[in-house]
Amino acid sequence: MRTSIATVSLSGPLTEKITAAARAGFDGVEIFENDLLASPLSPEEIRARCADLGLSIDLYQPMRDIEALPAEEFARALRRAEHKFRLMERLGADTVLVCSSVSPLAEDDDALAAFQLRRLADLAQDFGVRVAYEALAWGRHVSTYDHAWRIVEAADHPALGTCLDSFHILARGSDPKGIEDIPGEKIFFLQLADAPLMAMDVLQWSRHYRCFPGQGGFDVAGLVGHVIRAGYRGPLSLEVFNDVFRQAEAGPTAVDALRSLLVLQESVGLSAPPTPVVPTGVAFAELVTPDVEPVSEILAALGFARTARHRSKPVDLWQQGEARLLLNTGPAARRDGTRLAAVGLESPDPAGAARRAESLLAPVLPRRRAPEDVPLDAVAAPDGTELFFCATGRPGLPSWTSDFEPVEPVEPVEPVEPAEQAAPATGGVHRIDHLALTQPWHQFDEAALFHRSVLGLDARDSVDVADPYGLLRSRAVTNADGSVRIALGVGPAPSADEGGRAQHIALATDDLVTAARRFRAAGGRLLDIPANYYDDLAARYGFADGELEDLRELGILYDRDAGGAFRHCYTETIGRVFFELVQRDADYRGYGAQNAPVRLAAQHVRRPVR
């Protein structure tokens with residue numbers, strides 16, 4: 001189906017908004033009246049600009065407080081409407097949105113509303129305009145879609161239909177199944193928005209918290225299914241009011257918006273992009289660093305050894321068990337120190353995963369490689385992290401490890417290929433348990449949708465975490481067996497140190513106490529945890545003799561749920577990265593979120609090492 005977006009959903013002046021919509025791949029736009037009024041371009045120039053960009057103008061909006069008015073007020077409304085219809089002729093728009101009245105002068109009289117809307121439609125028809133009547137969730141007398149439809153049906157005018165808005169319908173808890181009783185040709189327009197489930201005034205909810213389909217808690221796909229079954233064949237159009245989008249760059253927001261519609265169309269059977277290829281593990285995590293020495297020291301203390309070096313790039317492979325870390329000291333290293341720049345995802349079909357990503361507008365990354373290098377497909381996540389779709393030593397697929405030549409390790413370690421590895425010793429690192437990626441504040445919802453739709457991961461519920469300087473949000477995405485776990489985190493608003501928020505790599509071990517002791521014995525420093533935390537643990541849980549003392553001595557945090565226990569501790573931060581050692585019972589599914597405030601406070605005390 002055709003796609004459209006309201007200009008109010010994007011930031012910037014009108015010309016930037018329509019350019020961003022066109023570049024993202026939208027077919028049309030809704031012109032929001034305030035955007036037109038603030039534009040230095042005439043309606044004719046805006047019309048020409050949209051035509052040059054290949055965009056149709058699908059809707060002009062909104063007209064307000066038009067129906068069920070006293071006679072004098074309605075006469076004034078008609079004069080205002082005639083002016084808008086003449087403007088729409090110049091603009092080249094043939095459908096106008098009319099919102100249900102919120103005027104204190106409006107009367108609770110459906111017959112009067114139908115009569116006056118019919119008069120409005122008569123006037124609109126003279127200018128070749130259709131009127132799409134929409135029930136605002138906070139309308140004075142008309143606040144539900146079925147009520148608005150009854151009035152439209154009673155008016156019985158060919159130039160009058162209804163506009164359905166997913167937010168207004170779902171925010172009020174209306175049953176969208178009744179949409180199928182509306183003739184498709186009388187549904188003049190469909191506006192789509194999702195929203196997080198919140199208990200608050202519906203007007204404030206609408207004005208500040210809407211988001212793109214798939215990023216909130218509404219069943220937008222279910223609603224669209226009802227609309228399609230009713231016979232609607234117009235565009236799928238996004239109308240999202242959101243404080244974040246009003247401040248974010250229009251171009252990336254437009255891409256995020258169109259991706260949400262592509263995923264929505266797939267979910268209701270309107271399109272069939274390449275199927276998701278769910279990753280089966282983490283092949284590697286790549287750190288970019290301007291100074292390899294402090295990172296090498298901490299990796300060695302953790303039990304990793306440098307096993308190989310890339311044949312043509314300044315990249316070293318450090319390995320322990322199935323955990324592989326790449327250290328890149330190339331020109332991409334930034335002044336802000338060590339950072340997590342890329343993740344290699346084990347994929348049963350790397351080429352298929354790349355096709356899926358590209359079909360959903362993920363930026364495909366060009367790679368500088370020597371002729372003999374293994375071809376690897378990579379895309380950029382919303383936060384800029386590079387995601388590689390790759391295989392590690394699997395028959396029939398090129399292995400990314402073929403680009404690395406063995407080096408003499410400091411101590412004997414297992415070979416590079418996992419099929420040949422022996423199980424690590426007790427207390428050693430087995431694999432990467434999860435990755436924690438800090439998102440730009442304005443891309444948190446986009447990141448969750450990206451990882452769910454592009455990578456095929458399941459998104460868990462969002463969790464709020466108390467930081468000494470604010471409230472952080474976190475949302476995990478994972479595959480079915482937990483071999484891929486990514487925790488997406490973000491602060492509540494942009495700040496001067498946003499770029500300084502650290503990311504981390506969690507490493508799984510079967511004996512955390514032994515692993516922590518070895519790390520300290522090798523010169524590593526673990527994060528100090530206040531004694532008050534352990535006093536609280538003693539009050540909440542029972543421990544075996546000596547267990548709590550070990551936790552206290554080593555700075556190990558503890559959590560427990562119905563599935564089992566979780567123990568974890570943290571290294572110092574180097575640049576923008578730190579490591580976490582974790583020991584999880586097989587059925588524990590969390591990440592120790594209740595311990596995050598203690599960890600964050602402790603990290604604020606200890607400054608990162610550059």
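A disulfide is a pair of cysteine sulfur atoms within 2.5 Å; this definition is needed at the third stop of the tour. The structure is a predicted model, in which local features need pLDDT of at least 70 and side-chain atom pairs count only at pLDDT 80 or more, while totals for chains, interfaces and linings use all residues. Residues are numbered from 1 along each chain as its sequence is written, and side-chain values use heavy atoms, with hydrogens and water left out.

**The whole chain**

Of its 610 residues, 56% count as buried, where buried means under 20% relative accessible area, exposed over 50% and partly exposed in between (1.4 Å probe, protein chains only). A contact means heavy atoms within 4.5 Å. Among contacts between residues at least 6 apart in sequence, 74% join residues at least 24 apart.

**The nonpolar cores**

Next, select Phe 26, Phe 85, Leu 120 and Leu 192, the residues with the most contacts inside the largest nonpolar core, which has 97 residues. Such a core is a set of buried Ala, Val, Leu, Ile, Met, Phe, Trp, Tyr and Cys residues joined through side-chain atoms within 4.5 Å. Helix 4 supplies the largest share of this core, 8 residues. Centre the view on Phe 26: leaving aside residues up to four places away in sequence, its contacts include Ile 5, Leu 55, Leu 238 and Leu 261. A second, separate core of 73 residues includes Leu 387, Val 429, Tyr 558 and Cys 569.

**The cysteines**

Select Cys 99. Its sulfur lies 8.1 Å from the closest cysteine sulfur, in Cys 163, which is too far for a bond. By the rule given at the outset, the count comes to 0 disulfides. Cys 99 is buried at 4% relative accessibility, and Cys 569 is buried with a relative accessible area of 1%.

**Helix 3 and helix 4**

Finally, select residues 43–52 (helix 3) and residues 71–91 (helix 4), whose axes come within 7 Å and cross at roughly 40°. Axes are lines fitted to C-alpha atoms, for helices over the stretch in contact, and angles run from 0 to 180 degrees between N-to-C directions. Helix 3 and helix 4 are therefore oblique to each other, since angles under 35 degrees count as roughly parallel, over 145 as roughly antiparallel, 65 to 115 as roughly perpendicular and the rest as oblique. Pro 43, Glu 44, Ile 46 and Arg 47 in helix 3 meet Leu 87, Glu 89, Arg 90 and Leu 91 in helix 4.

Notes. Helix = DSSP H or I, 4+ residues; strand = E, 2+ residues; numbered from the N terminus.
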